[in-house]
Amino acid sequence: MSSPSNVGALHASLLTALGTGIVSGELAADQVLTLDRLSAEHDVSRSVAREVIRVLESMGMVESRRRVGITVLPARKWNVFDPRLIRWRLHAGDRAAQLASLSELRRGFEPAAAALAARRANPDHCRIMAAAVSDMVVHGRSGNLDSYLLADKLFHQTLLEASGNEMFRALNDVVAEVLAGRTQHGLMPDTPDPAAIALHDEVARAIRLRDEDAAERAMRAIIDEAATAVSDRESHDV
């Protein structure tokens, strides 16, 4: 009998395998799967396969129907805001298209969130963002991209929380996956651009000074800088 930890590992492994298979097109839309086939091919129990399919159903990636089986759904049905789906698409899907789409999404809400934060942030929010920028400076100079990523995530998470808007706050995981994807897929420069860090400092300062226009403007510049850096990096790799 498998231990709970083993079952959890099998579940995670199968979920990732099927998710990346779908976003890569290896498992094409309208392809029909069965629990027996999944169990045999991935050496898992039917109960593990069934639970994984339930997760994929909740993400809009498959549909189960009696006497038909498990049908892979087209991309237009997917819950594109799910952080797991974003992660899979950055790993195995059309990375350039996903990053472009995410940049456009961020332009639509993060500058507005920054403006709201300039109106609503409390002293703790301001302190955390200032400390995150300081950490970004330190880790940017040393080239410690993992620690830099943690500080960058904290900055954006705090900004969305400081906006006081629960809809913006709920998009934190989306932003975190974008930031993590840049690091994990080699789309960050070996040493983060000091200009990008300076823009984060501008946002933090504008929020502290209650300057909504400046906060919005600097946040938009951060997103534009990131999109340009990713595009340049991908062009260079090609």
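Which residue in β3 is the bridge partner of Val 32? In this predicted model, that partner is Thr 71. The pair belongs to an open sheet of three strands, arranged in the order β1-β3-β2 with antiparallel pairing. The points below begin with this sheet, then turn to the helices, and end with individual residues in loops.

**The sheet**

- Strands β1 (32–33) and β2 (62–65) stand at the edges of the sheet, and each has a single partner strand, so one side of each is left without a neighbour in the sheet.
- Two bridges join β1 to strand β3, which spans residues 69–72, and the sense of this pairing is antiparallel.
- Besides the bridge between Val 32 and Thr 71, Leu 33 has Ile 70 of β3 as its bridge partner.
- Four bridges join β2 to β3, again in the antiparallel sense.

- Helix α4 covers residues 83–92, and its buried residues are Leu 85, Ile 86, Trp 88 and Leu 90.
- The N-terminal end of α4 is capped by Asp 82, with a side-chain oxygen of this residue 2.9 Å from the backbone nitrogen of Arg 84.
- Gln 98 is located in helix α5, which runs over residues 95–120.
- Gln 98 counts as buried because its relative accessibility is 3%, where the cut-off for a buried residue is under 20%.
- Leaving aside residues up to four places away in sequence, Gln 98 touches Ile 86, Arg 89 and Leu 90.
- Among these contacts of Gln 98, Ile 86 and Leu 90 are buried residues of α4.

**The pair of helices α6 and α10**

- Two packed helices are described by the angle between their axes and the distance between the axes.
- The axes of helix α6 (residues 123–142) and helix α10 (residues 194–208) come within 10 Å and cross at roughly 165°.
- Helices α6 and α10 are therefore roughly antiparallel to each other, as angles over 145 degrees count as such.
- The crossing of α6 and α10 is left-handed.
- On the α6 side, the contact is made by Cys 126, Met 129, Val 133, Met 136 and Val 137.
- On the α10 side, Ile 197, His 200, Asp 201, Ala 204, Ile 207 and Arg 208 take part in the contact.

**Loop residues with positive phi**

- Asp 30 is not a glycine, although its phi is positive at about 80°.
- Asp 30 is found in the loop between α1 (4–24) and β1.
- With 59% relative accessibility, Asp 30 counts as exposed.
- Asp 43, likewise a residue other than glycine, has a positive phi near 55°.
- The loop between α2 (35–42) and α3 holds Asp 43.
- Asp 43 counts as exposed because its relative accessibility is 64%, and the cut-off for an exposed residue is over 50%.

Notes:
Residues numbered from 1 in each chain as written. Predicted model: local features only at pLDDT ≥ 70, side-chain atom pairs only at ≥ 80, totals over all residues. Heavy atoms only, no water. Buried < 20%, exposed > 50% of the residue type's maximum accessible area, 1.4 Å probe, protein only. Polar contact = N/O pair within 3.5 Å; in protein donor to acceptor, adjacent residues only side chain to side chain. Pairing = 2+ DSSP bridges. Axes fitted to C-alpha atoms, helices over the stretch in contact; angles between N-to-C directions. Parallel < 35°, antiparallel > 145°, perpendicular 65-115°, else oblique. Left-handed = near helix turned anticlockwise from the far one by under 90°. Contact = heavy atoms within 4.5 Å.
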